[in-house]
Amino acid sequence: MSKQYLTLHTVDSAHPKASDIFALAPTSTQLLSASGASSINVYDTTQADFPVIQSLDKAHPLGIHHLVTAREEKARRAASAGFEGKVKIWSQNEDGVWSEDGEIVDQNKPGEMWAIALSADGQYLASSSINGKINVWSLNKNEGMPRIREYETKGSFGLCVDLSRNGSFTASGHENGSIYIFNNESGRLAHSLSGLVHPVRTLAFSPASRLLAAGGDARIIALYDVTSGEQVANFTGHGGWVLSLDWSDTGEYLLSGSHDSKAKVWRIETRACVATHSHGDKPLWGAKWLPKVPQKSEMFALAGGNNAISFYREAAG
Amino acid sequence: MDVDDFEDILFTPLDSQNSLGEDLLDSDDEILFPICDEEPNLWNSSANPITTSGTTDTSPGRHVSTAKPLNTREQSQHGLNDQAHRPVRDRHWVTARIEAMIEKIVDGLLEGHGVLTITLKSRAALSRRRIAATEADGRVPEPKERDINFPGANAQEAWNFTVLVRILELVHGSLTDNTIMTKRDIYYRHPDLFVKQSVVDRYVDDLACTFGVHRSQLNLTAGAKGLVAGNFALDQDNGHQLNGMNGKEGMLVPTIGENDTIDLTRVQWVLVVEKEATFRSLMSSPQWKMLGSHGVILTAKGYPDVASRKFLRRLTDNAPHIPMYAFVDLDPDGIAIMSTYKYGSYRLAHEDVTPTDTPALSLPNIRWLGLKSHHMSRTPVGEDDTDTAVLPHLQGLMRLTARDRTKAARMLEWDLCVEGGPEQSWRQELQKMLMFNVKAEMQILDELPGGLVSWLSKELGQAQGIDSDCSDDGMLF
C-alpha cells in the first residue's frame with residue numbers, strides 16, 4: 001500500500017553561495033540547513049512559507065559538511081562540522097534564537113572529526129574520523145567538553161556515526177563496509193556487523209534503540225537488531241548510493257535519500273517502499289522527518305545538490 | 001661604460017650615490033633604467049640569446065625621473081610591485097649582482113669575518129592559503145628572505161652554502177659566455193653534490209626571485225617537457241617550418257620566437273590535457289585525424305613547465321578568440337594543475353609578470369572542460385516510481401588518500417577558492433570530492449560507449465555552443 005505525500009513548499013537557492021546543501025537538521029519548530037557556504041540557515045517550520053528566521057553567518061569559512069540537532073525539545077542544542085576541521089556547538093535560548101556555545105577541542109590533528117551525532121538530550125556528541133577512530137564527547141561546558149570514550153576500529157574511514165536516543169550505544173559505518181556498535185556504558189565493542197561490503201555512508205538507530213538501519217554504495221538499506229547483531233531485513237530499490245537515513249518519531253517509517261536524487265519512504269512493518277519522490281537531478285544529501293506535531297500530518301524535508309529545500313506533507317485521508 | 005661602473009652605481013650605499021653627479025644619472029639612466037614597454041626578449045632560444053644591447057631599442061626618448069630614489073636595495077624589495085619603474089635587469093646586471101655576491105664572500109674571507117652570508121629571497125615556502133588582506137589586491141606575494149651561512153650550525157648548512165656557491169659559479173659562467181644551460185645540465189655537473197634535480201630547481205628559482213628576474217635571464221631554461229599536436233603551422237625565423245599534424249606522437253613544445261609566425265586559421269579550440277597517457281591515447285585513436293584537424297592538443301605531463309605555458313600564452317595572444325579548455329583528473333592535483341595553467345605558479349610569481357605588470361604567462365580565459373563530479377553520475381532522471389535505472393557502474397573511481405584530503409582542505413583556503421572568490425566551481429568540486437571521498441582519473445571516460453574521443457568531441461561541441469548531435473559525434477569534426 002502506497003502513501004501519498006504532497007509538496008508543501010520549496011525554497012530555491014537556499015544557500016546562494018554554495019552548490020550543494022549537505023545537511024538538514026530539524027527541531028520541533030525549526031529546520032536548520034548547512035551547505036558548502038559558511039553559514040547555517042534556520043527556517044521556521046510552523047509558518048506556511050517556511051521563512052528564514054536566523055542565519056548563523058561565518059560558522060565555518062570553508063563550508064559545512066555535517067549538521068545535527070538534539071532530538072528532545074528541551075535539549076536546544078545543535079552541532080556543526082566544517083571542512084576546516086572544527087566542530088562547533090550551538091545553543092538555543094527561550095526565544096528560539098541560536099548562538100555559538102563552544103567548540104570541541106580535539107587533541108588529534110585538525111580535520112580528524114568527520115561525521116557527528118548528538119544524543120537526544122544534547123549532552124553527548126559522537127564523532128568519526130578519517131583513520132577510523134570513533135570518539136564520544138561530553139558536552140558539559142564546565143568540564144571543558146572532554147572526550148569520554150575512544151573506540152579503535154580497523155582504520156577504515158568512518159563515513160557516518162550515530163548515537164542511540166537512550167545514549168547507550170554508538171554506531172559507526174566505514175568505507176570498507178564495516179559497521180560497529182559500541183556499548184557506551186561498558187566502553188566496549190558490542191557488535192561488528194558485516195553485509196554491505198561497499199562504503200557505508202549513513203546509519204540511524206530506531207527511536208526505541210532496538211534497530212539500526214544502514215546504507216551506502218551497495219544501494220541497499222540493511223536493518224540490524226541492536227541486541228543480537230543479526231541482520232533482520234534488506235530494503236532494495238534505490239538506484240544510487242544511499243546517502244541519508246532517518247526514522248519517523250514512531251519508528252513506523254524510514255526515510256532514505258540517494259545519490260540518484262530520489263527519496264523513498266519505507267514501512268518497517270511490511271518491509272516495503274510506500275513512496276518515492278524525486279528532488280531534482282543532483283545527489284540528495286539530506287532527507288529528514290520533521291518532528292510530529294499534534295493535529296498535523298507527518299512532514300519531511302529534502303535537500304541536496306540542486307540547492308533547494310522541499311517540504312512534503314502526508315496527504316490527508 | 002663597463003660593468004664595473006654599473007656595479008659602482010648599483011651597489012654603492014645611498015649616501016655615496018648622492019655624490020654621483022646628476023649629469024651622470026641623466027645621461028645614463030637610459031641605459032641603466034630604461035622602461036620596458038614589452039616583456040624582455042623571452043622567446044629567444046639558444047640560437048638568439050638575450051643580449052644587453054636589446055634594451056637600448058626600447059622606448060627611446062622616455063626618461064625616468066631622477067627624483068626617483070636609486071637605492072637598488074629598495075628597488076629589489078619593492079621588486080615586482082613596482083614593475084612599471086623597474087630597471088632593466090639584463091645579462092650584465094645579473095652578472096654584476098652575482099659578482100657582487102661572490103666579492104662579498106671573498107672580502108669576508110680576506111678580512112677574516114667569522115661568518116659568510118648570502119641572503120636569498122624565496123617564494124618556495126609560500127602557498128595560496130591565508131593571504132593577508134594587504135596583499136589580496138597585489139596578486140604577487142612578497143618573497144621571504146633567508147640567510148645561507150658558512151660556516152653554518154651543521155653539515156646541512158655547509159652543504160647549502162656549497163650548493164649555492166657552485167650554482168652561482170655555473171650561472172655566472174653561462175652568463176659571461178652567453179650560452180644557455182638547462183637546469184638538468186647544472187645537475188649533471190655535480191650529481192653527487194646536488195643529490196637530486198629538485199635541489200637545483202629550488203636554488204635556481206630562489207636566485208631568480210632574489211634578483212627579481214625571469215629564470216631565462218639567468219641564461220637557464222628547463223628542458224622542454226610538454227608535447228603538442230594539432231592543425232597549426234609554425235614558420236620560424238630561421239626558415240624551419242613545423243606542422244602540428246606531422247608525426248604520430250606529437251612534438252616537443254617549440255619555442256615561438258618574436259619573429260616567428262604561427263598559423264592558427266584552422267584551429268577552433270585548444271585542449272590542454274593533464275596527462276601524457278591521455279594525450280597519447282588521443283593521438284593513437286583512429287579519430288585523431290578528424291579531431292586534430294580542428295584543434296590543438298597540448299600536455300605538459302602534470303604540473304606545467306614555463307615553456308608550455310609560454311607556448312599557450314602565445315597562442316592566446318595570437319588568437320584570443322580561440323577557446324582554450326583544460327581537461328584534468330577529478331582530484332585535488334588536477335584542479336591545482338589547472339590553476340597553474342590559469343593563474344601560474346604561486347611560487348614562481350617572478351616568472352609571471354612583465355615589466356608593464358600584465359601577467360605574461362597566465363591563461364585567464366582557460367575553461368574547465370572536465371572531469372567534474374556530474375560526469376560520473378549520468379543517471380536518467382524519471383518521475384515514475386518504477387524507474388529502476390542503475391548507475392552505470394564506472395570502474396576507476398578511487399578513494400581519496402589522506403594526502404588528497406589534506407591538499408583539498410588546503411586548497412579550500414586558497415584566495416581563489418574562498419567564499420566569494422573567483423573560482424567557486426573549484427570550491428564546490430573540492431567540497432564534493434571530500435564529501436564522497438572519491439576521485440577519478442580521465443581514463444574513466446574510456447569506459448563510456450565511444451570512449452574518450454567521442455566524449456571529448458561531444459563536450460567540445462557543447463562547450464562551443466555547437467548544436468551537437470550525440471548520435472554522430474564524428475560529424476562535428
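This is a predicted model: local features need pLDDT of at least 70, side-chain atom pairs count only at pLDDT 80 or more; totals for chains, interfaces and linings use all residues.

Reader: How many bridges join β22(A) to strand β23 of chain A?

Author: Strand β23 of chain A covers residues 253-258, and β22(A) and β23 run antiparallel. Within this pairing, Trp247(A) stands opposite Leu254(A) in β23(A). The number of bridges that join the two strands is five.

Reader: Which strands stand at the edges of the open sheet of four strands in chain A?

Author: The order of the strands in this sheet is β22-β23-β24-β25, with antiparallel pairing. An edge strand has a single partner strand, so one side of it is left without a neighbour in the sheet. The strands in that position are β22 (242-247) and β25 (272-278) of chain A.

Reader: By how many degrees are neighbouring strands turned on average in the open sheet of three strands in chain B?

Author: The sheet has the order β7-β6-β9 in chain B, and its pairing is antiparallel. Its edge strands are β7 (241-243) and β9 (261-263), each of which pairs on one side only.

Reader: Which residue of β9(B) stands opposite Asp235(B)?

Author: Strand β6 of chain B spans residues 233-235. Three bridges link β6 with β9(B) in the antiparallel sense. Opposite Asp235(B) stands Thr261(B).

Reader: What area do chain B and chain A bury between them?

Author: The contact involves 28 residues of chain B and 32 residues of chain A. Of the area that chain B buries against chain A, 27% is supplied by Glu419(B), Met435(B) and Phe436(B), more than by any other three residues. Carbon and sulfur atoms account for 58% of the area buried between the chains, which is about 2700 Å².

Reader: Which residue of chain A forms a salt bridge with Lys432(B)?

Author: Two salt bridges are found across the interface of chain B and chain A. In the one formed by Lys432(B), the closest N and O atoms are 3.5 Å apart. The partner of Lys432(B) is Asp20(A).

Reader: Is Lys183(B) buried or exposed?

Author: Lys183(B) belongs to helix α7 (residues 183-189) of chain B. Leaving aside residues up to four places away in sequence, Lys183(B) touches several others, among them Gln197(B), Asp201(B) and Arg215(B). Its relative accessible area is 10%. Because buried means under 20%, Lys183(B) is buried.

Reader: How many disulfides does a search of the whole structure find?

Author: A disulfide is a covalent bond between the sulfur atoms of two cysteines. Cys209(B) is buried, with a relative accessible area of 6%, and Cys417(B) is buried at 0%. Over all chains, the number of disulfides found is zero.

Reader: What is the phi of Lys301(B)?

Author: Lys301(B) lies in the loop between β11 (295-299) and α12 (306-318) of chain B. At 33% relative accessibility, Lys301(B) is partly exposed. Most residues other than glycine have a negative phi. The phi of Lys301(B), however, is positive, with a value near 55 degrees.

Terms used. Residues are numbered from 1 along each chain as its sequence is written. Chains are lettered from A and ligands numbered from 1 in the order in which they are written. Side-chain values use heavy atoms; hydrogens and water are left out. Two strands pair if DSSP finds at least two bridges between them. A disulfide is a pair of cysteine sulfur atoms within 2.5 Å. Buried means under 20% relative accessible area, exposed over 50%, partly exposed in between (1.4 Å probe, protein chains only). Contact means heavy atoms within 4.5 Å. Buried area is the accessible area (1.4 Å probe) that two parts lose on being put together, summed over both. A salt bridge is a side-chain nitrogen of Lys or Arg within 4 Å of a carboxyl oxygen of Asp or Glu.
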